[in-house]
Amino acid sequence: MTESDIFRALADPTRRQLLERLSDGERNATELREGLAMSQPAVSQHIAVLRSAGLIEEKKAGRQMRYSIRPDGMAPVVDWLA
């Protein structure tokens, strides 16, 4: 994961919206998709980009995957800005 991966992930308004939703706490993909005019596979692709950039993490809860913000995910950007 590099700063450019994080900037690329944050460049998309949908991914920023998903991060904003996660700022309220852990959610599954269906909860993240609520109110968005996009398919579940499209949301899953956005989640994959955010995960690979190190901005969110996942954990299995029963049959569902739960997503949350990685607290140190923005550290490379903060370091870059400093």
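This is a predicted model: local features need pLDDT of at least 70, side-chain atom pairs count only at pLDDT 80 or more; totals for chains, interfaces and linings use all residues.
The chain contains 5 helices and 3 strands, which follow one another along the sequence in the pattern α-α-β-α-α-β-β-α. Its radius of gyration is 13 Å, which agrees with the value near 12 Å that a compact globule of 82 residues would have, and its C-alpha trace spans about 40 × 25 × 20 Å along the principal axes. Of the contacts with a separation of 6 or more, 52% are made by residues 24 or more positions apart.

In the interior, 33% of the 82 residues count as buried. The largest nonpolar core has 17 residues, among which Ile 47, Leu 50, Leu 55, Ile 56 and Tyr 67 touch the most other members; the elements that give two or more residues to this core are α1 (3-10), α2 (13-22), α3 (29-33) and α4 (40-52). In soluble globular proteins, nonpolar side chains tend to be buried together. Leu 50 illustrates how such a residue is surrounded, for, leaving aside residues up to four places away in sequence, Leu 50 touches Ala 9, Arg 15, Leu 18, Leu 19, Leu 55 and Ile 56.

Leu 81 lies in helix α5, which covers residues 75-81, and counts as exposed because its relative accessibility is 61%, where over 50% is required.

The charged side chains complete the picture, with 7 salt bridges found in the whole structure. Asp 5 and Arg 8 meet in one of these, at 3.4 Å from N to O; they are 3 residues apart in helix α1, so about one helical turn separates them. Of this pair, Asp 5 is partly exposed at 26% relative accessibility, whereas Arg 8 is exposed at 53%. Arg 27 forms a salt bridge with Asp 24, their closest N and O atoms being 3.7 Å apart; here Arg 27 is partly exposed at 21%, while Asp 24 is exposed at 66%. Finally, Glu 26, Glu 31, Lys 59 and Arg 66 are linked in a network of salt bridges.

Note on methods. Residues are numbered from 1 along each chain as its sequence is written. Side-chain values use heavy atoms; hydrogens and water are left out. A nonpolar core is a set of buried Ala, Val, Leu, Ile, Met, Phe, Trp, Tyr and Cys residues joined through side-chain atoms within 4.5 Å. Buried means under 20% relative accessible area, exposed over 50%, partly exposed in between (1.4 Å probe, protein chains only). Helices (H or I, at least four residues) and strands (E, at least two) are DSSP runs, numbered from the N terminus. Contact means heavy atoms within 4.5 Å. The radius of gyration is taken over C-alpha atoms; the globule rule is 2.2 Å times the number of residues to the power 0.38. A salt bridge is a side-chain nitrogen of Lys or Arg within 4 Å of a carboxyl oxygen of Asp or Glu.
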